[in-house]
Amino acid sequence: MQPLVINLTDKKVVIAGGGRIAARKARVLGAEQANITFIAPVFSEEVLELCIDKEYKIVQRKVMVADFKEAFLVILATNDREANRILANSLPPSQLVCVVDESGEGNVTFPATVRRGHLQVAVTSNGASPKLTRKLKKELERQFDESWVPYTAFLNKCREKIKQLPITFEEKNERLWELLDTRYLHDNNAQKLKWDELDSYKNKSLLTKQST
Ligand SMILES: C[C@@]1(CC(=O)O)c2cc3[nH]c(cc4nc(cc5[nH]c(cc(n2)[C@H]1CCC(=O)O)[C@@](C)(CC(=O)O)[C@@H]5CCC(=O)O)C(CC(=O)O)=C4CCC(=O)O)c(CCC(=O)O)c3CC(=O)O
Ligand SMILES: NC(=O)C1=CN([C@@H]2O[C@H](COP(=O)(O)OP(=O)(O)OC[C@H]3O[C@@H](n4cnc5c(N)ncnc54)[C@H](O)[C@@H]3O)[C@@H](O)[C@H]2O)C=CC1
C-alpha cells in the first residue's frame, strides 16, 4: 500500500450510507472542497447537519451502481455487507474505492491524520489495527503542537523568498536547512528577524556580506 497525497478540490465523491462512518469519512474530507453526495435510505442527524453546513447533496434511497458514474472517489459505508461487496465488485478498476467494512475489496483506506498548517502527518496500519492508528494519532497531536501552524507558514514563505534570491543552488540549500533550527519553531521573534533579513537581500554581494 502506497500513501499518496490527493487533491480532492471539486472532485466528485459519492458516499453510500448515511450513518456514523459515512459522516466520519465526510468530516475527514471537510477541508478538501470536495463535491460530496450521500446516498442512503436513512440519514443520521450528523449527516443531515453536515449537508446543510457544507452544501453536500443527499439522495434518499438504496444506492445503485449507476450512482458512482464519474465519481473520483467512492466510499462504500453502508452497514449491509452484501451490498458493499456487490457494489465494490461492479466498479471499474480505475476508480478510487474505500470499502469501510472490508478494505481488501477496495483500493483506498483512510489514514488517521494530524494537520498543523502546511504539515500533515498520516498514520496507517493497513487495516491491522485502527485502534493502534488512533492511539498513535493522539501521541502525534501532543508532539506536534499548535506552534507548527505559524512555523510551517514561515517555512513556506521563506522558501519562496529563498528560491528567488540571486545565489547559488548550494547557498539556497544552506539557507533552507538553517530554517529547520528549532529556535524558529517556538520563537516568533526569531522568525520575524530571519524573515526581515531574507526580505532585505537585494543582490548577491549584499547577501554574502550580511551572512558572514
Ligand atoms: C481499513 C480501514 C478502512 C477505512 O475505513 O478507510 C478501516 C476499517 C475498519 N475499522 C474498523 C473499526 C474501527 N475504526 C476506528 C477508527 C478509525 N478507522 C480508520 C481507518 C480505517 N478503518 C482504515 C484502516 C486504517 C488503519 O488501519 O490504519 C481511521 C484511522 C481513519 C478514519 O476513519 O477516518 C479512524 C481513526 C481516526 C481518528 O481517530 O481520527 C475505530 C475506533 C473508533 O471508532 O473509535 C474502530 C472500532 C475499534 C476497532 O475495531 O478497532 C473496522 C471494524 C468494523 C466492525 O466490524 O465493526 C474496520 C473494518 C475492517 O476490519 O476491515
Ligand atoms: N472503517 C471504519 O472505520 C469503521 C467501519 N465500520 C463499519 O462501517 C459500516 C457502517 O457503520 P455505521 O456507519 O456505524 O452504520 P449505521 O447503522 O450508522 O449506518 C448505516 C447506513 O447505511 C445505510 N444503508 C444500508 N443499506 C444501504 C444500501 N443498500 N444503500 C445505501 N445505504 C444503505 C443506512 O440507511 C444507514 O444510513 C458497518 O458495516 C461497520 O461494520 C464500523 C466502525 C469503524
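Guide: Strands are DSSP runs of E with at least two residues, as helices are runs of H or I with at least four, and both are numbered from the N terminus. Two strands pair if DSSP finds at least two bridges between them. The model is predicted, so local features need pLDDT of at least 70 and side-chain atom pairs count only at pLDDT 80 or more, while totals for chains, interfaces and linings use all residues. Residues are numbered from 1 along each chain as its sequence is written, and chains are lettered from A and ligands numbered from 1 in the order in which they are written.

The open sheet consists of five strands in the order β3-β2-β1-β4-β5, with parallel pairing. At its edges stand β3 (57-59) and β5 (96-99); each has a single partner strand, so one side of each is left without a neighbour in the sheet. On average, neighbouring strands of this sheet are turned by 15 degrees against each other, direction ignored; the axes behind this angle are lines fitted to C-alpha atoms.

Strand β4 (residues 73-76) runs parallel to β5 and is joined to it by four bridges. Within this pair, Leu-73 stands opposite Leu-96 of β5.

Strand β6 (residues 112-116) and strand β7 (residues 119-123) pair in the antiparallel sense over five bridges. Ala-112 has Val-123 in β7 as its bridge partner. Together β6 and β7 form a hairpin with two residues between them, and Gly-117 in the turn has a positive phi of about 60 degrees.

Note on methods: Axes fitted to C-alpha atoms, helices over the stretch in contact; angles between N-to-C directions.
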